[in-house]
Amino acid sequence: MSENQTRRSFLTKGATIAAASLTVGSTAEASRQRSDRKLKVGVFGLDYTFWGLWADILSPEGKWSGTSLFNMEVSHVWDKNTKKAEEFAAKWGCEVVKKYDGMLGKVDGVINGDLYNVPWQHRMLRPYIAAGVPSYLSRPWSSRLRDLDEMLDLAAKYNTPICATATYEHYNDADYFKQKLANVGEIEAVFATCHAGDRPHFHIPYMMMKILGYNVDEISLITNDPKKISHLQSSYVFAESDNQPSYVLSMHASGSYIFWLTIIGKEGTETTSMPGEASYFSRFAPQLIDIQKTLEGKSYQPLDVVRKKFECVITEYYSHYERGGTPVKVGTVPPDWQYPLWKPDWYDDSDFKD
Amino acid sequence: MTESISRRSFFKAAVAGGVLLAAGSKAHAKRKPFKRKSPSSVEMMEVGIITCGYYSHIEDIWGRFLNPPLDEINGTFWPRQTGMVMTKVWDPDREAAEKFAKKYDVEVVKNYYDMVDKVDGVIMSDYYATGWWPRLSKPYLEAGMPSLINRPFALSVNEATEMINLSKNNNAPILVPSSDEMMFETIQARHRLDMKRKEGAQVTGAMAFEPCGEYPAHGVHSIYNLYTILEPNVVAAGLQADKWWEWGRKGGMMSWLCKGEGDSPDYYAAIRMGQEFDTNGWVLISTTKGRIFADNDHIGEVFTRYRNLFVPTCIEFQRMIETRKQPQSYEHIMAKTMTFLTGFYSHCEKNGALVNCNGVPMEWRAPEVMPDRIPDNIF
């Protein structure tokens, strides 16, 4: 891609080209035609993972068995640790595949639920995205902008539905609260907190951007340690826009709420929250519903929104690790800069064939 | 991130370090301390004003409470609301002093020290004169006179220490206020936090929003306000802003790293300093036993708004003159000043990074808006 091409223009062009380029062997096309069977889901990532919760919600053997709400079933699983994959398969009634691309042609979509494998996600999911198989990308979606761009370019080229989200983006509040902005008038300040033990679990920025928009100009992150938070403060400076001066979204990892937010405006204040006692079902089911929609053929968000979200993530890390917590302009982090990995040796080249 | 040295231990050392006066040298004002004769007697405390001409709190706001005009101001009548009356004023700008004197019917004095023993207390008012407070306040503190030294108090740690030591050694009570600190909402928030702390609650985070157009004259209100509610052990502070004066719509973002209480971890306080004419002041404190919220809308009818926001400071000063007891300890005054200076240092010298409070050089001086406000030849 030419350095001068904007991200946005490339994605639009790619999507147009790829409208009819689904590869042979994918079951994605079949799923889009609405069958009378459940969508078959391929599982990636069994370590620092959501799969313990998700499988429970989706499976007849789980706590919420019998629900007809979901049209997905866990059908296949791959993990580098075969024993772990076999244990998962035994518990949830699915089939182990021997290689990471072994689910091609067997599933309607793949869902990566892990944190540790995110730096290699672009390699793991490459064959699936290139085959048009709907894919869920585990947050924070990448460890380098270049790797995320590779996935998004592929998705645009092959018109592959993608869902790349954090749980909080799917809460009801993230949808309806945007309408409440009209009550506060010109925004003066925004504050939010969420309970998080590490930065990847600090989901509130994504929810807030869904409410406020993605027009983030600068970001700073101060914390004792993004991997084991004792205290964390993230500040997003929103650029000036139509009739709305610049303002700061200030977020803390703290407190007993799942999330809490307040928007202060010239004409009023609006607040919402989710208590810490909220059930796992109400916390995680909304995202699974939206992932299901993706597996049925509809990307959850435009690809440029996915990119902007990750740009904010990588800017936070860059502010903390490279700039002592001082503000960094979004869009200025070098595409090859990578934040320190949780498990740098988790995978290597021998695990993938490219 | 710099080490988390306890700010409190540093403050104790800094305040104690300057006690150098010879034994037996505690001075007292020749004028007798103010004392009312009886509950029904009508004597007023006489107050002298030091600076009144530029960015002046006394000229624009407090003056009307002490020497209320006879006519309405923009349709609002201002009755007397304190037991004090201004009687004298000094400003190096003679024209400004005379204009003030005419407005409030007070006497202009020739020299800044001419009010020693002539009034019951002095108010050092104008923000632009902050860099000269140590010199302007010296004769009054040495005379043991109650003094209101307006925020942000000092532009360096050395200067803050100098004034505190003079005050302490001469038994001259000082009030270093932000209007916000004395508001009902702030007092209530502090009370509710105290109640929670008695139940074993520990603070885990704080957020605040303050309408203001710049850092040192109005952003400082949010610092004093939050500090007074929390009384935290501020380990480090940082100010992120494009500029510290007239910062426009983007405003500023101040962060404090505070030592955790009890077995709670260290926590952050985030203060969003907005733009001028924003309307809602707001504080949220998170604790292990729930949240405390204080909201002060800067909107509504001017008389009621001013009564809540500005009159309490005047009453506290009046109370200090009469009792000679400071409403805030020297440690409190120094701590909030240090937090302010650390933010300033962070912005000017460290690009907004968090700076350990005891990493600010004692002699480092914050910049001034009007470096020639007070000419040297008046000293």
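Guide: The structure holds four cavities of 30 Å³ or more. Here, on a 1 Å grid over the protein atoms alone, a cavity is a set of points where a 1.4 Å probe fits but cannot get out, and lining residues have an atom within 4 Å of a point. This is a predicted model, where local features need pLDDT of at least 70, side-chain atom pairs count only at pLDDT 80 or more, and totals for chains, interfaces and linings use all residues. Residues are numbered from 1 along each chain as its sequence is written, chains are lettered from A and ligands numbered from 1 in the order in which they are written, and side-chain values use heavy atoms, leaving out hydrogens and water.

The largest cavity has about 110 Å³ of space, a volume being the space filled by probe spheres set on the points, with grid points joined across faces, edges and corners. It is lined by 17 residues, and B:E210, B:N225, B:G281, B:W282 and B:V283 are the closest to its centre. At least two lining residues come from each of α6 (184-198), β7 (203-210), α7, β11 (280-287) and β12 (290-297) of chain B; helices (H or I, at least four residues) and strands (E, at least two) are DSSP runs, numbered from the N terminus. Sorted by class, the lining has seven nonpolar, six polar and four charged residues (Ala, Val, Leu, Ile, Met, Phe, Trp, Tyr, Cys and Pro count as nonpolar, Asp, Glu, Lys and Arg as charged, and the others, Gly among them, as polar).

How values were computed. 1 Å grid on protein atoms, 1.4 Å probe; cavity = no way out; pocket = protein on both sides within 12 Å on 5 of 7 lines; lining within 4 Å.
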